[in-house]
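Please look at how two chains are built and how they meet.

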Amino acid sequence: MGYVAVKGGTEAIEASIDRLKYERLKGGKQVEVSAILSSMRLLIDQVMSEASLYSPELAALAIKQAEGSMEEAVFLLRAHRSTLPRLYYSETVEPERMAVERRISASFKDIPGGQLLGATHDYTHRLIDFSLLDEKEEERNQWMEQYEAELSALEKATGDGTYPKVVEYLRNEGLFESFEPDNTEPDDVTKNVFQFPASRSERLQILTRGQTGAVTALGYASLRGYGQVHPTVGEVRVGQLPITIPAHGGEDEDDSYYIGSVRATEVESFVPMPSKGPDGKQELRFEIGYGICYGQNETKAIAMSILDQCLEHPGSDAPPHDEEFVLTHVDTVESTGFISHLKMPHYVTFQSKLDSVRNTRKGRDGHES
Amino acid sequence: MKRRRMTEILIEGNPELAARLASEIRHHYPVRELVAPRQGLTMIKMRETAKQSLFYLGEVLVTEAKVEIGDHIGVGIVAGVREELAGNLAVIDAACRAGLSETAGWSAMLEAEEIRLADRKRRELAALEKTKVQFDTMEE
């Protein structure tokens, strides 16, 4: 059988796109982008994180266009990002400058500065709230007015919103290894195709833009025994990171441009590891697994911290310690794109497989007869 | 006032302030637009706390504008889609670089806005501190 080139389907595709629009509009009610921005904070955070593009406005628009599909929304943002020029690189963001909105430790009850719960679903009943079916604007406004009145009656705080890192106190005790700041310019996986073994900067960049579900699943696998890392969370913090751009030719930090801030979740996980002490005897010391992502997405950041630690110790045969296994499978666009391509016409490929199967069967049947 | 401090006040504060300062300059000087407000990306370089190394956290959408006043180029950069603010920041930056006399009178307005911002922040922090856990040790 020879190859036959075919074409067609243009009219069907156009009709399909109309059908897609019909599905989006047929309910008769449309959610405004401003409503998504105002009420879908955590969904927006997840889309921005997986797209590796911080823009709540564009993420909300992408969510509307994608009818709420995460993978489509992330794809749209990544595609849009590729049309824009990269104008600047920020100055190094030092994590201790985060203006903290939430900060907890699972390792210590008493941490300097205290545990700040902030806004979290952690302590809510996971019961459907049917009162939201008929939430009245008047009731909402009344609640907001009352809450804001209570806040305005509070005595104003005196701090600047930054908190000391829990890990720094343990470093001062010598329980963690201290590192001098390493200002080696990072590699950028969006500019150059990375090769194995990946650098630490490439690993962190790939994990922070990884799909929430994939990063979580692989981190979970390590906890369940398909890996050797089961940490204690030293600190989870959510807050605003200030972003600055250096002035042209300027070295003075005070001369830089402040451009705004991005909300991020940052995690340090503590992992006990065997090591040799100064006397050559085996002892335990702690290492840190690091996780961070755009927005408030604590599960992803904690899972990233587990995978960071797994990849720092590639000796194990377990998949979460294999950087090729982890890094090539966590990207949303790559994984969903490759799976989705199976829907595309594979007529010739399949015809070839079909021929092989038929020939095999013919041969076997002929032999048997 | 240093640029880092000034741009934070103008971006986090009421955008009317940037509009007023830029308008004052436009009223007295010819401002040539070099780059109309446009969207682009800024890559965020971040330090991680495990090994103190650097990596790229991701990109942030920014609006950028450039103007020229005399021989002085001003740049306005702000995160998000904020074309008017980016244009005004560019004019203010060019005016400061050129040392125009009008800029000398801006400090009071900027400082007043900075005080208002600090007040707002302290209220916000007080609200967050309400969520701080007070542990009680349970008696046997």
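In chain B, α1(B) passes α4(B) in a left-handed crossing. Left-handed means that the near helix is turned anticlockwise from the far one by less than a right angle; clockwise would be right-handed. Helix α1 covers residues 3-12 of chain B and helix α4 covers residues 107-129; they pack at an angle of about 65°, with their axes 10 Å apart. The axes are lines fitted to C-alpha atoms, for helices over the stretch in contact, and angles run from 0 to 180 degrees between N-to-C directions. Helices (H or I, at least four residues) and strands (E, at least two) are DSSP runs, numbered from the N terminus. From α1(B), the contact uses Met6(B), Ile9(B) and Glu12(B). From α4(B) come Leu110(B), Glu113(B), Glu114(B) and Leu117(B). Residues are in contact if their C-beta atoms, placed from the backbone, lie within 7 Å. By class, this contact has four nonpolar, no polar and three charged residues. Ala, Val, Leu, Ile, Met, Phe, Trp, Tyr, Cys and Pro count as nonpolar, Asp, Glu, Lys and Arg as charged, and the others, Gly among them, as polar.

The model is predicted: local features need pLDDT of at least 70, side-chain atom pairs count only at pLDDT 80 or more, and totals for chains, interfaces and linings use all residues. Residues are numbered from 1 along each chain as its sequence is written, while chains are lettered from A and ligands numbered from 1 in the order in which they are written.

Now turn to the interface. Chain B gives 48 residues to the contact and chain A gives 70. On the side of chain B, the elements that give two or more residues are α1, β1 (32-47), β2 (54-69), β3 (72-79) and α4. The largest share, ten residues, comes from β2(B). This side of chain B divides into 23 nonpolar, ten polar and 15 charged residues.

Strand β2 (residues 86-89) of chain A runs parallel to β1(B), and three bridges join them. Pairing requires at least two DSSP bridges between the strands. One partner pair is Tyr88(A) with Thr42(B) of β1(B).

Chain A has 13 helices and six strands. Its C-alpha atoms fill a box of roughly 85 × 70 × 55 Å along the principal axes. Its domain assignment, automatic or from a database, gives domain 1 (12-81), domain 2 (95-120 + 131-330) and domain 3 (338-368). The centres of domain 2 and domain 3 of chain A, taken over C-alpha atoms, are 48 Å apart.

Chain A has a helix crossing too. Helix α5 (residues 70-81) and helix α12 (residues 332-340) of chain A cross at roughly 115°, and their axes come within 10 Å. α5(A) passes α12(A) in a left-handed crossing. Glu71(A), Val74(A), Phe75(A) and Arg78(A) of α5(A) meet Thr332(A), Val333(A) and Thr336(A) of α12(A).

Some backbone details remain. A cis peptide bond, with omega about 0°, joins Phe196(A) and Pro197(A). Pro197(A) sits in the loop between α7 (166-172) and α8 (200-208) of chain A. Glu67(A) is not a glycine, yet its phi is positive, near 55°. Is Glu67(A) buried or exposed? Glu67(A) counts as exposed because it has 11 C-beta neighbours inside 10 Å. The cut-offs are 20 or more other C-beta atoms within 10 Å for buried, 12 or fewer for exposed, and partly exposed in between, with C-beta atoms placed from the backbone.

Methods
Two residues are in contact if their C-beta atoms, placed from the backbone, lie within 7 Å.
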